[in-house]
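Here are my notes on this one, as numbered points. Have the model open while you read.

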Amino acid sequence: MAHHHHDHSHSHAHTHTANKKVLRVSFVIIAAFMLLEAAGGRLTHSLALLSDAGHMFGDAFSLGAALWAFKLGEKETTLQKTFGYKRFEILTAMFNGLSLVVIAVLIFYEAVKRLLYPPEIATPGMLVISIVGLLVNIGVAVYMLKNSDTEANVNMRGAYLHVLSDLLGSVGAIAAAVLMMAFGWKWADPLISMFVAALVGRSGRDLLKQTLHILMEGTPENIRTDDLLDLIRNTEGVKSVHDLHVWTITGNINVLSCHIVVDGSITVAESEQIAYRIEHGLSHKNIGHCTIQIESEHHPHPNSVLCANETDGAQHCCCQTQSLTGKPIGKPKEAL
């Protein structure tokens, strides 16, 4: 069996360090302003400010959790945890998505109560604090976008979405304050809060969907399986391919395993060259780690590209019986 790992260690380590630094700085800024906004919301009796402060608490918590997940992911692999602890990043991102949905539901519930029984709101103070909050959120969002991997790393993206959602909350609070000051529309505060809650809930839903797809071992969104199959099939020496699996460990670490069928009379060294050519091609298609099982035409497995579900309790073990001495794989040439 050929087992390959495309080395992006230097680039990955640099990105990982940058992500942690961004999370630390963002956490301090968000946590500090959260306290200011919570105090302002209580003084002005503004739901928009209080809900935004509650969301900023969620932001600070999510940033801290994301940073913790990165630290856990640095732990060494063991015989019991052969992939290490990097999946904690996905679990944290899933938690962030779920928390966004919960926050959206709570804001919506409170907004309905405020529509029925609108309280008195100190709009000038609400407007000042909301503007400062907007500036803080814009600064943190731009800092995260420019200095971290908010696209490929789902853990970082979850934290970034929390900050963006809070930015929307600040915009909503400003709009509500202006409408109440200009026209006396007390309903503007809860109504805009509902709108923000809908946007926040949608972001949370999308993040939940993405993380569940990863945890269910789904094919990465930036991978086209047909392209991978074409590359493998068109590699010189490959007769066919079956039992293909493509999944994500965390962030941009995509993994592939498959069985390829080659001429049973070639040597181990020759079969390795075929696997190396495949690995090189896959490295240019966002596959960082691959395991290729090499078989002759006499393999006992089904020829289906996808591994069939076993319903009779039988186990399917991907093992390789080729010799490591350089002798031909498969049956002896005179037996073919």
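1. Start with strand β2 (residues 240-250): nine of its 11 residues are buried, so the strand is largely enclosed by the rest of the structure. Buried here means under 20% relative accessible area, with exposed over 50% and partly exposed in between (1.4 Å probe, protein chains only). Strands (E, at least two residues) and helices (H or I, at least four) are DSSP runs, numbered from the N terminus.

2. A word on the basis: this is a predicted model, where local features need pLDDT of at least 70 and side-chain atom pairs count only at pLDDT 80 or more, while totals for chains, interfaces and linings use all residues. Residues are numbered from 1 along each chain as its sequence is written, and side-chain values use heavy atoms, leaving out hydrogens and water.

3. Back to β2, which pairs with strand β3 (residues 253-261) in the antiparallel sense over eight bridges; pairing takes at least two DSSP bridges between the strands. His245 has Ser257 in β3 as its bridge partner. Two residues sit between the strands of this hairpin, and Gly251 takes a positive phi near 50°.

4. Of its 336 residues, 48% count as buried.

5. Among contacts (heavy atoms within 4.5 Å) between residues at least 6 apart in sequence, 77% join residues at least 24 apart.

6. Thr92 is buried, at 6% relative accessible area. Leaving aside residues up to four places away in sequence, Thr92 touches Ala65, Ala66, Ala69 and Asn155.
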